[in-house]
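Have the sequence and the 3D view open as you read.

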Amino acid sequence: MNIGIIGCGAISNQYMIGLNKHKKDIEVTACADIDKNKADQFSKDNNIKTLSVDELILSDEIDIVVNLTPPLSHFEISYKSLKNRKHVFSEKPIALTIDEGKKLFSTMKENNVYLYAAPDTFLGPAFKKAQELLSSNKIGKIIGGSVNFTSHGVEGWHPNPEFYYKKGGGPLFDMGPYYLTALVKALGPIQEVIGYSKKTFEKRNVENPEVNYKEINVDVDTHYFGLMKFKSEIIVDFQVTFDVWKPYDPKLEVYGDESSLKLADPNNYDGDIFIFDKDLYQWELIYSSPDSQNNFYRGLGVVEMVKAIKNNTVSEDELSVPFHILEVMCALDSFDLESGWTKIIQQF
Ligand SMILES: NC(=O)c1ccc[n+]([C@@H]2O[C@H](COP(=O)([O-])OP(=O)(O)OC[C@H]3O[C@@H](n4cnc5c(N)ncnc54)[C@H](O)[C@@H]3O)[C@@H](O)[C@H]2O)c1
């Protein structure tokens, strides 16, 4: 199947490394970017065609559009592509509102095409191992869990950090999908949420000398705390923030009535898993995969999508996950204290 990449920025090179490993099944044949210089550079580096965004979406030679634009453009690019009967793999989040999600979902159904989305880290070895441990009852019956992603934002390293502080950015829509997807894959759907959020800093100073602006006005909340009740009655607390000075040390723990499991960071495809040893009263390493190799695995979701389309094994459950994550994020983001727990209606 032929792939066209739209958005030739920081992450596109990682995708290319991953996708090039699967040339038997898929081939990236074209790229497009709103900034033609970026598309031209990417096409030169990878020996593929440059097209305009509209040409790529309309091209008969393209089967799948891989949407690697910033969050604010995800809906528009994916919607146009689905309308033109292209399958889509979108970076997270798939959209920013329930309305947009509904339009994507119905267009996908009407046109008999599929929308898959990042994160796809759950396809990596570390999450597969964690699922195996959880489903074989290693920690007993699951009671609860805890998520904590603390950082001081991306302006220190990203080549274009502005969009992380504009609509569609912020830690909930940017990092939330990794942790929420892992939780939903491991524990099933989320039924109710409570969410609080705030913006601590009105401006961000850009520290990366290669960026040609020095300051970003922050338009979105950057510190979130939530509680989630799952359909299975599991309760999880959830903190994601760009406001906290703390080394990058994310936490995703699941608690059972027999023991606890510390999963690998779902922002990566691999990592270490620890189980709590009740007798020694300490965490024990139970699984270790090599140092982070995101370049190696990036694009795994596109490969899975191609396999499922070819083998006619696309599952409704699989398709609904990114839409469910969108519902949960929207509910956390618009939580109203007066109304109490917000029910997730599962509209998709
Ligand atoms: N950078 C990372 O480490 C990373 C990791 C995982 C996921 N992501 C996700 O990948 C996506 C892209 O991130 P990035 O870091 O590559 O950003 P980036 O800003 O480096 O690249 C985005 C590219 O999209 C282009 N673009 C913007 N609007 C467009 C439009 N309407 N049509 C066509 N092209 C458009 C820009 O010109 C730019 O080249 C985001 O959703 C981000 O959350 C990034």
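**Rings and helices**

Phe163 sits at a relative accessible area of 22%, so it counts as partly exposed. Bear in mind that you're looking at a predicted model. Tyr164, at 10% relative accessibility, falls under the 20% cut-off and therefore counts as buried. These two residues make an aromatic pair: Phe163 and Tyr164 have ring centres 4.3 Å apart and planes at 25°, and the pair is stacked.

Tyr196 belongs to strand E8 (residues 190–198), while Phe335 is in the loop between helix H11 (316–333) and strand E17 (342–343), so the pair ties together parts that are 139 residues apart in sequence. Tyr196 is partly exposed at 43% relative accessible area, whereas Phe335, at 15%, counts as buried.

The structure has 10 aromatic pairs in all. There's also an aromatic cluster to look for, made up of Phe276, Tyr281 and Trp283.

On to the helices. The axes of H4 (residues 71–83) and H5 (residues 98–110) come within 9 Å and cross at roughly 20°. An angle under 35 degrees counts as roughly parallel, so that is how H4 and H5 lie to each other. Their crossing is left-handed. On the H4 side, the contact uses Phe75, Ser78, Tyr79, Leu82 and Lys83; on the H5 side, Glu100, Lys103, Leu104, Thr107 and Met108. Sort the residues of this contact by type and you get 5 nonpolar, 2 polar and 3 charged.

Terms used. Residues numbered from 1 in each chain as written. Predicted model: local features only at pLDDT ≥ 70, side-chain atom pairs only at ≥ 80, totals over all residues. Heavy atoms only, no water. Axes fitted to C-alpha atoms, helices over the stretch in contact; angles between N-to-C directions. Helix = DSSP H or I, 4+ residues; strand = E, 2+ residues; numbered from the N terminus. Parallel < 35°, antiparallel > 145°, perpendicular 65-115°, else oblique. Left-handed = near helix turned anticlockwise from the far one by under 90°. Contact = heavy atoms within 4.5 Å. Nonpolar A, V, L, I, M, F, W, Y, C, P; charged D, E, K, R; others polar. Phe/Tyr/Trp six-rings, centres within 6.5 Å; stacked < 30°, edge-to-face > 60°. Buried < 20%, exposed > 50% of the residue type's maximum accessible area, 1.4 Å probe, protein only.
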